Amino acid sequence: MTHGTPLTTTVRRVAVVGAGAAGLTAVKELTEAGLEVVAFERRERPGGLWVRDPRGGVSPAYASLHLNTSRRRTEFAAHPMPADWPDYPSADLIAGYLDDYARRFGLYEAIRFGVEVSRVERGPDGDGWLVTAEGDTERFDAVVVANGHNWDPRWPDPAYPGEFTGEQMHAHDYEVADVFAGRRVLVVGMGNSAVDIAVDASHRAEGPVLLSSRQGVYVIPKYLFGKPADATNGRLSKLPWRLRQRISETALRLAAGRPEAYGLPKPARGLLESHPTVSDTLLHRLTHGEIAPRPGIERFDGGQVVFTDGRRDTVDLIVWATGYRVTVPFLDERWLGPDPEELLLYHRVFHLDDPTLCFVGLMQSTGAAFPVVEAQSRLAADVLSGRAALPRPDEQRAAAERALRASVERWGGDRRPAMRIDFDGYLAETAAVRSAAVDRARAGQGVRVRPAAPQSIGGER
């Protein structure tokens with residue numbers, strides 16, 4: 001790709017990998033833009049991680065899982081959630097909501113269920129993309145990667161010293177609280193899943209559930225001043241984030257106090273600089289002694305866990321709520337670099353070397369994911385259909401590098417800065433990026449993808 005030279009690429013047929021929230025919005029927007037779309041989903045129904053699987057091992061959705069962002073801040077603009085739903089719906093309601101979305105917009109006919117993509121690569125001489133799934137290979141003009149990044153469990157690496165003789169499991173494999181009955185439980189982590197699981201376990205375990213964390217986080221109740229907490233913060237979205245931070249920290253301190261008042265580690269960074277944990281129940285269970293905070297683990301000693309403050313506790317079961325690796329197994333390092341978490345993209349959507357390789361959902365938002373992937377899908381559809389044009393390649397790279405520098409300044413360099421976005425700021429910026437891209441196309445400038453002629457494009461087998 002030559003810097004400064006508009007790129008004209010013909011796109012008619014697009015592959016979408018995944019049919020969770022990101023993949024479904026991509027299929028909808030691309031189809032409505034007039035493109036031929038084929039989506040590949042390894043499961044038998046849409047919904048991604050929100051679809052609980054009683055067989056286990058496929059989805060991280062556990063029985064007690066609910067949204068930690070409010071209904072009105074989570075719903076798609078094109079498909080509002082029912083007004084009589086609770087502010088924080090369950091995973092089962094969300095799975096049904098995504099299925100309703102797919103049916104309402106006729107997406108089922110574009111999705112191949114039970115089909116897993118094993119490889120995506122450039123075609124011969126750089127012509128199109130070859131997508132291999134279940135042994136068959138087909139050619140597409142563009143690919144949208146929407147496979148999600150909460151499915152490949154991250155375990156401690158390196159492992160802690162010593163030997164632990166009890167049972168260990170990852171939060172990904174947790175389903176119902178029966179597994180904790182009568183057992184002495186340690187949950188490691190302080191994210192939303194860790195806290196949910198610790199609360200669940202505290203109703204069934206023997207003695208207090210231990211909650212271990214090396215780093216402190218802010219714990220935000222789901223309601224502040226009688227309203228969903230994220231809606232309260234959303235009203236401040238037009239203020240500079242540093243000012244929002246001061247206001248939000250003051251409000252949280254008045255409503256719930258500081259984390260260290262509950263025995264939790266003090267957060268190293270300010271609110272809005274690290275991902276908070278949203279819970280109405282954690283602080284309650286802490287103050288009642290049903291959950292006991294612990295610092296990080298130092299080592300194992302048979303059936304005991306030794307913590308960094310010297311305390312040791314006998315434990316039967318450890319739940320590692322230590323997150324997930326970002327894994328895109330069907331793309332090689334040529335496209336992902338050595339670590340997909342560090343991949344720079346133009347506006348977190350377009351690959352800097354080829355705009356016909358797009359990503360929807362490869363981000364970590366300060367708020368809900370659904371409106372973000374909806375906005376990303378609309379931007380991708382604008383560009384791939386030819387009705388909008390991207391800036392020159394050098395301008396795209398410069399924008400991605402600026403975004404990374406701003407992210408490192410705000411969130412730090414060790415917290416997936418390339419993936420971080422501010423929910424309200426990103427949505428506002430996306431609207432501006434789309435508008436500018438349409439204007440650029442009308443002026444005949446930038447990197448433009450032109451729609452293909454209507455004749456059929458045959459698949460390569």
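Modeller: Phe76 has a relative accessibility of 1%, so this residue counts as buried, the cut-off being under 20%. Bear in mind that the model is predicted. A pair of aromatic rings is described by two values, the distance of the centres and the angle of the planes.

The structure holds 18 aromatic pairs. In one of them, the ring centres of Phe76 and Tyr97 are 5.8 Å apart and the planes meet at 20°, so this pair is stacked, since planes under 30 degrees apart count as such. Phe76 belongs to the loop between α2 (71-74) and α3 (91-104), while Tyr97 belongs to helix α3, so the pair ties together parts that are 21 residues apart in sequence. Tyr97 also counts as buried, because its relative accessibility is 1%.

Phe76 has a further partner, Tyr101: here the centres are 4.6 Å apart and the planes are at 45°, so the pair is tilted. This pair, too, links distant parts of the chain, with Phe76 in the loop between α2 and α3 and Tyr101 in helix α3, 25 residues apart. Tyr101 has 0% relative accessibility and therefore counts as buried.

The charged end of Arg103 sits over the ring of Tyr108, 4.4 Å from the ring centre. Arg42 lies over the face of Trp151, and its distance from that ring centre is 5.3 Å.

Technical notes. Residues are numbered from 1 along each chain as its sequence is written. This is a predicted model: local features need pLDDT of at least 70, side-chain atom pairs count only at pLDDT 80 or more; totals for chains, interfaces and linings use all residues. Side-chain values use heavy atoms; hydrogens and water are left out. Rings of Phe, Tyr and Trp (its six-membered ring) pair if their centres lie within 6.5 Å; planes under 30 degrees apart count as stacked, over 60 as edge-to-face and the rest as tilted. Helices (H or I, at least four residues) and strands (E, at least two) are DSSP runs, numbered from the N terminus. Buried means under 20% relative accessible area, exposed over 50%, partly exposed in between (1.4 Å probe, protein chains only). A charge sits over a ring if NZ of Lys or CZ of Arg is within 6 Å of the ring centre and within 35 degrees of the ring normal.
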